[in-house]
Amino acid sequence: MSDPALSASPANDVTADGPLLEFNNLTVAFASEGATVSAIRGVSFTIAREEVVGLVGESGSGKSVTSLAAMGLLARNATVGGSVKVVGKEVVGLKEKEMSKVRGTDVAMIFQDPLTALNPVYTIGWQIIEALQAHRDLNDDEAKAEAIRLLSLAGIPRPEDRLSSYPHEFSGGMRQRVVIAIAIANQPQIILADEPTTALDVTVQAQVMRTLQLALDETKSSLLLITHDLGVIAGIADRVLVMYAGRIVESGTADDIFYRPAIPYTHGLLGSIPSVDSDDGGRLAQVPGNPPVLTEAVVGCPFAPRCPIKQDICLEVEPDLQPVADGHASACHFASSVIEMPIGEMFSIDDEVPA
Ligand code: ADP
Ligand code: MG
């Protein structure tokens with residue numbers, strides 16, 4: 001359990017049950033080569049203390065931009081609107097000096113490539129100890145003992161010996177587990193993990209996810225887990241947000257999303273989870289077609305061109321995110337019938353993009 005006296009500064013206090021992360025109508029547009037990319041078109045959601053929320057969607061849907069907006073790490077060509085509160089503090093428009101304090105204390109980030117987080121010229125032990133001593137009042141012996149404990153928690157064998165190893169001496173999966181160990185050295189209230197297992201092969205992915213779960217058990221942090229792969233969040237997320245064309249198009253409990261999807265797009269994503277025992281040999285099916293180009297104004301439902309059940313209204317009116325059941329919302333004109341449809345039948349096998 002993290003010590004609140006160490007991790008929360010008084011200015012950042014939120015009430016015990018207030019959300020740790022709160023997006024309110026976030027918009028992000030990028031000026032790019034004479035055109036404007038409307039990357040985020042009004043995103044609102046919250047993450048409660050100790051909650052694990054999965055954010056899924058195909059590449060380009062706006063997942064990374066959403067999390068980078070919370071960290072003040074967007075490119076200079078970004079125009080940001082709306083509000084993002086991190087542990088109660090508004091970060092849209094926050095000066096870099098203030099923002100770096102938020103990043104250093106309340107939030108830890110884990111990216112796809114662990115080498116972006118690790119310095120190649122310092123040992124693993126040095127890097128963990130440095131992170132520990134930056135945030136906690138530990139002498140050298142205490143910090144070393146804690147570093148060994150964290151490496152052991154991350155499942156690194158012979159942690160005492162590995163303190164003197166350099167990042168290049170570790171495999172990709174071990175490096176990512178070290179990054180998780182460093183992330184929790186800060187005792188963050190929130191962890192943002194953007195495609196943390198995407199660069200790894202499937203068996204190693206499972207180990208990294210186990211380490212992430214152990215890290216959460218230890219720190220009681222909230223987690224926003226970003227991935228294009230619904231399979232990655234299956235075992236860990238309490239709630240799932242599905243993103244498409246810069247908006248949240250479905251939100252619900254993990255069970256809602258996996259067993260009662262209420263938009264055709266989620267039906268399609270579920271069909272694309274590779275399964276070892278499927279008769280197609282685990283081949284990845286995909287949702288046919290491509291997401292829209294966000295330099296043009298969106299008219300109608302952005303998924304309509306790819307949707308097997310679209311009607312005239314879908315080409316004319318973009319549906320809002322509306323409740324379809326308790327705690328379950330979806331942006332589809334036909335949500336109440338889609339939620340009744342059997343999974344795996346909406347996109348027939350004939351529509352599959354060949355692997
Ligand atoms: P995801 O993480 O879901 O794959 P991103 O959040 O990275 O998608 O990107 C969302 C959209 O924003 C994409 O269309 C992407 O090309 C665009 N985008 C992201 N960063 C920039 C930038 N710096 N300039 C222009 N467009 C950008
Ligand atoms: Mg991304």
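Predicted model: local features only at pLDDT ≥ 70, side-chain atom pairs only at ≥ 80, totals over all residues.

Reader: Start with the totals. How many helices and strands does the protein chain have?

Author: The chain has 13 helices and 12 strands. It holds 355 residues, and 47% of them count as buried.

Reader: What share of the contacts joins residues 24 or more positions apart?

Author: Count the contacts with a separation of 6 or more. Residues 24 or more positions apart make up 66% of them.

Reader: Now the sheets. What should I look for?

Author: Strands of a sheet pair through backbone hydrogen bonds, either parallel or antiparallel. Read the strand order, then the pairing. One open sheet here has four strands in the order E2-E1-E4-E5, with antiparallel pairing. E2 and E5 are its edge strands, each pairing on one side only.

Reader: How many bridges hold E1 to E4?

Author: Eight bridges, in the antiparallel sense; E4 covers residues 78-86. Take Phe23: its bridge partner in E4 is Val84. E4 also pairs antiparallel with E5 (residues 89-90), through two bridges. There, Val86 has Lys89 as its partner.

Reader: What happens in the turn between E4 and E5?

Author: Two residues sit between the strands of this hairpin, and Val87 takes a positive phi near 45 degrees.

Reader: And the other sheet: what is its strand order?

Author: It is an open sheet of eight strands, ordered E6-E7-E8-E3-E9-E10-E12-E11, and its pairing is mixed. On average, neighbouring strands are turned by 20 degrees against each other, direction ignored.

Reader: Give me one pairing inside it.

Author: E9 (residues 239-244) and E10 (residues 247-253) run antiparallel, joined by six bridges. Arg239 stands opposite Thr253 of E10.

Reader: Which helix packs on this sheet and touches E7?

Author: Helix H2 (residues 63-71) does. It touches E3 (52-56), E6, E7 (190-194), E8 (222-227) and E9, and its direction makes about 145 degrees with that of E7. H2 also lies across E1, E2 and E4 of the four-stranded sheet, at about 110 degrees to E1. Helix H11 (residues 264-271) lies across E3, E9 and E10, running at about 105 degrees to E9.

Reader: How do I check a helix by its length?

Author: Compare the expected span with the distance between the end C-alpha atoms. Helix H4 (residues 124-135) has 12 residues, and at 1.5 Å a residue it should span 16 Å; the ends are 17 Å apart, which agrees.

Reader: Which residues of H4 are buried?

Author: First the general idea. An α-helix has 3.6 residues a turn, so residues three or four places apart point the same way. In H4 the buried residues are Ile124, Gly125, Gln127, Ile128, Ala131 and Leu132. Their cover includes helices H5 (140-153), H6 (159-162) and H7 (172-185).

Reader: Now single residues. Where does Ser165 lie?

Author: Ser165 is in the loop between H6 and H7. It is buried, with a relative accessible area of 6%. Beyond neighbours within four places in sequence, Ser165 contacts Thr123, Ile124 and Phe170. Tyr122 is 43 residues away from Ser165 in sequence, and 8.7 Å away in space, C-alpha to C-alpha.

Reader: And Gln176: what does its side chain reach?

Author: It reaches the backbone oxygen of Phe111, at 2.8 Å. Gln176 lies in helix H7 and is buried, with a relative accessible area of 0%. With neighbours within four places left aside, its contacts include Ile110, Phe111, Pro114 and Val208.

Technical notes. Residues numbered from 1 in each chain as written. Chains lettered and ligands numbered in written order. Heavy atoms only, no water. Expected span 1.5 Å × (residues − 1). Buried < 20%, exposed > 50% of the residue type's maximum accessible area, 1.4 Å probe, protein only. Contact = heavy atoms within 4.5 Å. Pairing = 2+ DSSP bridges. Axes fitted to C-alpha atoms, helices over the stretch in contact; angles between N-to-C directions. Polar contact = N/O pair within 3.5 Å; in protein donor to acceptor, adjacent residues only side chain to side chain.
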